[in-house]
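The entries below follow the order in which I looked things up.

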Amino acid sequence: MVDYHAANNQHSSGGPPTYMEQENDWDRDLLLDPAWEKQQRKTFTAWCNSHLRKAGTQIENIEEDFRDGLKLMLLLEVISGDRLPKPERGKMRVHKINNVNKALDFIASKGVKLVSIGAEEIVDGNAKMTLGMIWTIILRFAIQDISVEETSAKEGLLLWCQRKTAPYKNVNVQNFHISWKDGLAFNALIHRHRPELIDYDKLRKDDAVTNLNNAFEVAEKYLDIPKMLDAEDIVNTARPDEKAIMTYVSSFYHAFSGAQKAETAANRICKVLAVNQENEHLMEDYEKLASDLLEWIRRTIPWLENRTPEKTMAEMQQKLEDFRDYRRVHKPPKVQEKCQLEINFNTLQTKLRLSNRPAFMPSEGRMVSDINGAWHTLEGAEKGYEEWLLNEIRRLERLDHLAEKFRQKAAIHESWTDGKEAMLTQKDYETASLSEVKALLRKHEAFESDLAAHQDRVEQIAAIAQELNELDYYDSPSVNARCQKICDQWDSLGALTQSRRESLERTEKQLESIDELYLEYAKRAAPFNNWMEGAMEDLQDMFIVHNIEEIQGLITAHEQFKSTLPEANKERQAIQAIQAEVQKIAQYNGIKLSGTNPYTTITPESIDSKWEQAQQLVPQRDQALQEELSKQQSNDHLRRKFATQANIVGPWIQTKMEEIGRISIEMNGTLEDQLTNLREYEQSIIEYKPNIDQLEGDHQLIQEALIFDNKYTAYTMEHLRVGWEQLLTTIARTINEIENQILTRDAKGISQEQLHEYRASFNHFDKDHSGALMAEEFKACLISLGYDVENDKQGDAEFARIMGIVDPNNSGAVTFQAFIDFMSRETTDTDTADQVIASFKILAGDKNFITADELRRELPPDQAEYCIARMAPYTGPDGTPGALDYMSFSTALYGESDL
């Protein structure tokens, strides 16, 4: 027998835990009752065989088959799962005693103190000692571990039976003897767990034998519980054996608890799989969005890196227009996709952390950092492309100006050289008189002066052609050919001029007369004529300026030129006076003139004509300069308009960025308040978009006007675009962080005060307000919260463990989200269905049901109506009209049953 008093003393003195302390009513004398002994023999034998069959054997006679100790040791190994010492296979009494002692020692090692049960009594087949030993084994291995609502063993098993049979009529389990005589309790247990096996409503309380046999047969056939009792023995005994009933009932407990564990395990697996499926869907969405965005970036970068220039301004303007479409139409949706991708990634990582899943690692090349790197490359190419476009437009504009200037100067030069070769090669001096030869010589000298004056124009033409070549002008071959023709002709003119001079000088020795007035006329008319041609060329010269200062400089130069016109007019009058003097002398002396000045082809009429043309070009030049001044003033107005708005928008964006940074570390109100404020803040930022659009319109006007600088502001449209995009991305990220904090709080049951405390601790150690703690800052924060992570071996190991949780990617920094995930994991607990049932029972006044009025009185209206709509009607015998079953509702909340 078991000495329970000794077991109690052993437990209280700090020894190994004992069992079934309430079972101190064991009395071997009761075994003298033949009915009880018969019930125990049958029940204990069946119980032993239910375990021995797992090892492929069984017993027939309980006191005989355990005498050699072999099957006894085998039974203990099966029910405990432990290995006992190797049995002795000898047939002698000493071998049997040794085997039984090994079994008894094993029982004692499990916290059971055996009293008055010796190996010799078992070997001798003592029925009372054998049954007592088996009961001790049953208590230890089948009943002791039963636990229901903080009660264990016999009381726990009794409470379990009462709870399971409470809804059934005519069943009132108060003990393990007479409460089971009518068989209804057995049937109720089976029906409660397997209602399809028992038609409980057809059972009659007065037909105990039928009820018992029905329960025994169903249990054996469908539940794999062997028949351990005889219906007649129970019915015919005034008080059935309690230990036999407890042994049999414990088999029901273990059978049904195993099924419940399987159901719970299945529910847990389903829940885990559902979370996994959702996370996998989010991962697939991320991969697709990342792949599409990277593919768009991959296609766009080569376009932005294409630096093949076009030949004309129109083609380059079209390229610029295509780039504007890219900026306004194609890129903004991709900016949104990139922002949404980061938000989805952060949300997925939060869900993975909350469900204790490993962090999501996107496939190679699709990390957020990879996308940011590709985006950075895209923006670098974009910036370089815009600069290239503008430079190309400037280059083409410069080329067009130079090409037109080249054509004008070449045309003037070609017009001047037309016929010069023929003039230089004629032999008119061979038949001329002396005066005519001298005239020809002086005419030739005047030509040489004219030729020297044109040397500068030829050099200018060559310089312009060289510059066009250096700037890669598309029509350079034709320019080079024309320039080469002019240079070759110029060289030829030089050689012919020299040759004619030599011829005239040889003839001059023979001729003496010369007309000094003609000569003086020719000498003064030639430079004046050249000056007028130069002035006319300058008055018709094209100009290009980029600001008011440059056009004002041209206007000043033009005014200076106009100031020289009176002196030039005096020179013109003096030249004309020489010709008039010639006419006067001729008339006076009766000289018949040939009609032309022999020394020059420049006639007074041509001088007057060119002078008149110059006079007409002056107001035209005035008008052109004034129009350009108006244009530059308009451009300056555009610059000022853009600068005024840019100088407002730029600081506004900077201020908003600083305010968002400040909001992200402050703790004002609940998370929901912060989220609402941030969304309102985001809306206010979005409502500022028309100001950005206005700037875009002003910037377009500036670009269309080919304005390339702005001295009134340091802000460029590119800077403002980047700042605006960063502002939208930052507010979206901040909102996402608050949403993840709410998700964590709700999932972990963290109070608002705890979140404030976490944020205060985090902000205190986040000295640089970066939103993340470095390793040493995080360690200091943990120490302040009471964690033992000091600089010793044990503290370093604990800190390494914590860092592995909060920084799985070894980035060296701990975000606030990771911080609250860790703190919530350390400090929060979860509710259970039993806790919710206990809470409902308090609201119901300790009744097994609750009414709608009680729910509306105790709960908020929306939650009360939620419960009323989903609670099933209560069907227990103690119910009232309108009673609701809060127990099934509570278990359904945790997936233990269906709503």
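**Entry 1: the whole chain.** I note at the outset that this is a predicted model. I looked up the secondary structure and found 32 helices and 6 strands in the chain. I then checked burial: of the 899 residues, 44% are buried. The accessible surface of the chain is about 46100 Å², and carbon and sulfur atoms contribute 50% of that area. Among contacts with a separation of 6 or more, I found that 73% join residues 24 or more positions apart.

**Entry 2: H4 and H5.** I looked up helix H4, residues 70-80, against helix H5, residues 93-109; their axes lie 8 Å apart at an angle of about 25°. Angles under 35 degrees count as roughly parallel, and H4 is therefore roughly parallel to H5. Their crossing is left-handed. On the H4 side, the contact is made by Leu70, Leu72, Met73, Leu76 and Ser80, while H5 supplies residues including Val100, Ala103, Phe106 and Ile107. I recorded the residues of this contact as 8 nonpolar, 2 polar and 1 charged.

**Entry 3: H2 and H7.** I next asked at what angle helix H2 (residues 34-52) and helix H7 (residues 127-143) cross. The angle is roughly 50°, and the axes come within 11 Å. The two helices, H2 and H7, are therefore oblique to each other. H2 passes H7 in a left-handed crossing. Among the residues that meet here are Phe44 and Trp47 of H2 and Leu131 and Trp135 of H7. The residues of this contact comprise 10 nonpolar, 1 polar and 2 charged.

Conventions: Residues are numbered from 1 along each chain as its sequence is written. This is a predicted model: local features need pLDDT of at least 70, side-chain atom pairs count only at pLDDT 80 or more; totals for chains, interfaces and linings use all residues. Side-chain values use heavy atoms; hydrogens and water are left out. Axes are lines fitted to C-alpha atoms, for helices over the stretch in contact, and angles run from 0 to 180 degrees between N-to-C directions. Helices (H or I, at least four residues) and strands (E, at least two) are DSSP runs, numbered from the N terminus. Angles under 35 degrees count as roughly parallel, over 145 as roughly antiparallel, 65 to 115 as roughly perpendicular and the rest as oblique. A crossing is left-handed if the near helix is turned anticlockwise from the far one by less than a right angle, and right-handed if clockwise. Contact means heavy atoms within 4.5 Å. Ala, Val, Leu, Ile, Met, Phe, Trp, Tyr, Cys and Pro count as nonpolar, Asp, Glu, Lys and Arg as charged, and the others, Gly among them, as polar. Buried means under 20% relative accessible area, exposed over 50%, partly exposed in between (1.4 Å probe, protein chains only). Accessible areas come from the Shrake-Rupley method with a 1.4 Å probe; for residues, only the protein chains shown count as cover.
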